[in-house]
Amino acid sequence: MTTLPQLLITDVYDAADILEDRVSCSSFGAVMSFGSPGSAAPPLKLFNGPTLRMEFDDVEVEVGSHPTRKHVREIIKFCRQVPDDAKVLIHCHAGISRSTAAGMILLAVKMGPGQEKQILPLIHRVRECADPNRLMIRYADDLLGLNGDLLAALTSWMYIRRIRESAPW
């Protein structure tokens, strides 16, 4: 099996704590930071590795400051440059939607086509509350030429998760 980056997906507050600590910060090989337009990014002055910072709202429809194809294209480009054995810190405001979508995109890039159903269990292990932004995933699916498989894997995983969460047992 291919070596995959080790992910830490979190919220902006925990990311700030990590990035303000020289020892914690030095254990990461890359940082992906997502926020809403005008939001403050965690301090990155101690981090010397590759960093991607993007600002767009956490919405799943094409209105306002939504994630765009251009954003996702830049995420994919960044992911291709992340070493396979890197430890990657990914955060958004709550660590639930934009960051977990970025984690999915990173794994889709590293794992390649045909592995889409394997990605969500990996993301869920890293961030149990994951609810990846579907618009970002839709764009990534198209840009990576996955023929709807990444979005279908997300839809199926979330459907099964919601059934399990509502089950009376």
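A residue is termed buried when its relative accessible area is under 20%, exposed when over 50%, and partly exposed in between (1.4 Å probe, protein chains only). The model is predicted, and therefore local features need pLDDT of at least 70 and side-chain atom pairs count only at pLDDT 80 or more, whereas totals for chains, interfaces and linings use all residues. Residues are numbered from 1 along each chain as its sequence is written, and side-chain values use heavy atoms, without hydrogens and water.

A search of the whole structure finds 0 disulfides (pairs of cysteine sulfur atoms within 2.5 Å). For cysteine 79, the nearest cysteine sulfur belongs to cysteine 92, 14 Å away; cysteine 79 is buried, with a relative accessible area of 0%. For cysteine 129, the nearest cysteine sulfur is also that of cysteine 92, at 8.8 Å. Cysteine 129 is partly exposed, at 32% relative accessibility.

Contacts (heavy atoms within 4.5 Å) of isoleucine 75, not counting residues up to four places away in sequence, are made with Met32, Phe34, Leu52, Met54, Ile105 and Met136.

Ile75 also belongs to helix 3, where Arg69, Val72, Arg73, Ile75 and Ile76 meet Met136, Tyr139, Ala140, Asp142 and Leu143 of helix 6.

How values were computed
Helices (H or I, at least four residues) and strands (E, at least two) are DSSP runs, numbered from the N terminus.
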